[in-house]
Amino acid sequence: VRRSLMENYPETFDTNDKARIPAALLGGLFACYLTHPFDTIKTCMQGDIEREVYGSFTQTGSKIMQDSGFTGFYRGATFRYGRMVCAVFIMDLMKEKMSRLMYPGAFPDEM
């Protein structure tokens, strides 16, 4: 995403750092909201160690839908989105920094 922003909007995103924030926001958005329903089901199952309320994966999904509707699958998603944005931002930054250290030959312009 970062590279695409820099190529398509060079006047706005002329450095990696300027493109990293919107890229992290977009990456975190997809990472969070596509996987959150599955994470909610998993978390409910983990919290019910005795299996008194939740059973299998599909039973847990049905129970959440019955009790809270579709929005029940997205409980806590806003907080998780914030964490995902930070994680994507940090991973992207570290990838850039570490790749330059580990593979200096791939960046001949900086030698």
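Visitor: What is the angle between H2 and H3 where they pack?
Guide: About 105 degrees, with the axes of helix H2 (residues 16-47) and helix H3 (residues 57-68) 9 Å apart. That makes H2 roughly perpendicular to H3 (65 to 115 degrees counts as such). Axes are lines fitted to C-alpha atoms, for helices over the stretch in contact, and angles run from 0 to 180 degrees between N-to-C directions. Helices are DSSP runs (H or I, at least four residues), numbered from the N terminus.

Visitor: Which residues meet there?
Guide: From H2, Phe38, Thr40, Ile41, Cys44 and Met45; from H3, Phe57, Thr60, Gly61 and Ile64. Contact means heavy atoms within 4.5 Å. The residues of this contact are six nonpolar, three polar and no charged. Ala, Val, Leu, Ile, Met, Phe, Trp, Tyr, Cys and Pro count as nonpolar, Asp, Glu, Lys and Arg as charged, the others, Gly among them, as polar.

Visitor: Before we go on, what is this model based on?
Guide: It is a predicted model: local features need pLDDT of at least 70, side-chain atom pairs count only at pLDDT 80 or more, and totals for chains, interfaces and linings use all residues. Residues are numbered from 1 along each chain as its sequence is written, and side-chain values use heavy atoms, with hydrogens and water left out.

Visitor: Now the charges. How many salt bridges does the structure hold?
Guide: 10. A salt bridge is a side-chain nitrogen of Lys or Arg within 4 Å of a carboxyl oxygen of Asp or Glu. In one, the side chains of aspartate 92 and arginine 2 meet at 2.8 Å, N to O. That pair links distant parts of the chain: aspartate 92 is in helix H4, arginine 2 in helix H1, 90 residues apart.

Visitor: Is arginine 2 buried or exposed?
Guide: Arginine 2 counts as buried because its relative accessibility is 14%. Aspartate 92 is buried too, at 17%. Buried means under 20% relative accessible area, exposed over 50%, partly exposed in between (1.4 Å probe, protein chains only).

Visitor: And where do aspartate 17 and arginine 20 lie?
Guide: Both are in helix H2, three residues apart, about one turn of the helix. Aspartate 17 is exposed at 52%, whereas arginine 20 is buried at 2%.

Visitor: Which residues are linked in a network of salt bridges?
Guide: Arg2, Asp17, Arg20, Asp92, Glu96 and Arg100.

Conventions:
Helices (H or I, at least four residues) and strands (E, at least two) are DSSP runs, numbered from the N terminus. Angles under 35 degrees count as roughly parallel, over 145 as roughly antiparallel, 65 to 115 as roughly perpendicular and the rest as oblique.
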